[in-house]
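This report describes one protein model for a reader who has not seen it before. Please look at the sequence and the structure, then read on.

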Amino acid sequence: MPRDFKIVVLGAGGVGKSCLTVQFVQGIFVEKYDPTIEDSYRKLIEVDNEQYMLEILDTAGTEQFTAMRDLYMKNGQGFVLVYSIIAQSTFNDLPELREQILRVKDTDKVPMILVGNKCDLADQRVITSEQGTNLSIRFECKFLEASAKTKTNVDAIFHNLVRQVNQLMPQEKKKKVDRRGGCMLI
C-alpha cells in the first residue's frame with residue numbers, strides 16, 4: 001500500500017507552477033498560459049524502491065486567492081516554492097511565502113524545495129543560479145533550476161520532496177498479528 005503525501009506548489013502567477021506539475025504528472029508541456037485557481041493531481045511514483053501516491057495541489061499565483069493559501073499550507077506535507085529565473089518580482093515574493101508556510105504549520109522546519117523555473121530561457125535570465133543557491137541556504141532547503149518545457153529536473157523536484165517528507169515523518173513500524181497466538185509481532 002503506497003503512502004499518501006500532499007505536495008503544494010506555490011509561487012507568483014506565471015512562474016510555471018502548472019507547467020511543472022502537468023509535465024511531472026502527464027509528461028506534457030502546456031504552451032498556453034491559463035491562470036490557475038486550484039488544480040489537484042494524483043500520481044503514483046516510486047522513490048528508493050517505495051511507492052508513494054502524491055496528491056499535488058497546484059495553487060493560484062494571483063493575489064485574489066491568498067485566503068485559500070492558509071488551508072493549503074495547513075494540509076500540505078511538502079512544498080515546492082517556484083520562481084521564474086526571468087522575473088525578479090517572482091523571486092522577491094518568496095521569503096514572505098516561506099514565512100507564511102512556517103507560521104501556518106507552526107514549525108521552523110518544513111519539507112521544502114526552491115525551484116528556479118524556465119532555465120531553458122537562460123539568455124533572458126535576471127536571477128542568477130548563485131542568487132537561488134543563496135536563498136535556499138537562507139531557507140535551509142534544497143535548490144534546483146528546472147524547465148517544464150525541456151523536462152529538466154522536473155522529476156527530481158518531486159522525488160527530492162518525497163525523501164524530505166520521509167525524513168521528517170518516518171513510517172511507523174508495521175505491526176503484524178500472529179494468528180496462532182494472537183500476539184503482536186514488531
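In helix α1, Lys-17, Cys-19, Leu-20, Thr-21, Val-22, Gln-23 and Phe-24 are buried, where buried means under 20% relative accessible area, exposed over 50% and partly exposed in between (1.4 Å probe, protein chains only). Helix α1 spans residues 17–26 and is mostly covered, with 7 of its 10 residues buried. Gly-27 follows α1 and has a positive phi near 70°. Helices (H or I, at least four residues) and strands (E, at least two) are DSSP runs, numbered from the N terminus.

This is a predicted model, in which local features need pLDDT of at least 70 and side-chain atom pairs count only at pLDDT 80 or more, while totals for chains, interfaces and linings use all residues. Residues are numbered from 1 along each chain as its sequence is written, and side-chain values use heavy atoms, with hydrogens and water left out.

The protein chain has 6 helices and 8 strands. Their pattern along the sequence is β-α-β-β-α-β-α-α-β-α-β-α-β-β. Of its 186 residues, 45% count as buried. Contact means heavy atoms within 4.5 Å; among contacts in the protein chain between residues at least 6 apart in sequence, 70% join residues at least 24 apart.

The average pLDDT, the predictor's confidence in each residue on a scale from 0 to 100, is 88 for the protein chain, and 84% of the residues score at least 70. Residues 172–186 have pLDDT below 50, and this stretch has 12 contacts in the model beyond near neighbours in sequence. Where pLDDT is low, the predicted coordinates should not be read in detail.

Strand β4 covers residues 78–84, and because 7 of its 7 residues are buried, the strand is largely enclosed by the rest of the structure. Gly-78, Val-80, Val-82 and Ser-84 point one way from β4, while Phe-79, Leu-81 and Tyr-83 point the other way. Two strands pair if DSSP finds at least two bridges between them. Strand β1 (residues 3–11) pairs with β4 in the parallel sense over 5 bridges, and Gly-11 has Val-82 of β4 as its bridge partner. Strand β5 (residues 112–117) also runs parallel to β4, joined by 6 bridges; here Phe-79 has Met-112 of β5 as its bridge partner.

A polar atom of the Gln-164 side chain lies 2.9 Å from the backbone nitrogen of Met-112. Gln-164 counts as buried because its relative accessible area is 16%. Leaving aside neighbours within four places in sequence, Gln-164 is in contact with Val-110, Pro-111, Met-112, Ile-113 and Lys-142. Helix α6 (residues 154–168) has 15 residues and reaches 22 Å from its first C-alpha to its last, close to the 21 Å expected at 1.5 Å a residue; the expected span is 1.5 Å times one less than the number of residues. Its buried residues include Val-154, Ile-157, Phe-158, Leu-161 and Val-165.

The loop between β2 (38–47) and β3 (50–59) contains Asp-48, and Asn-49 is found in the loop between these strands.

Key:
Polar contact = N/O pair within 3.5 Å; in protein donor to acceptor, adjacent residues only side chain to side chain.
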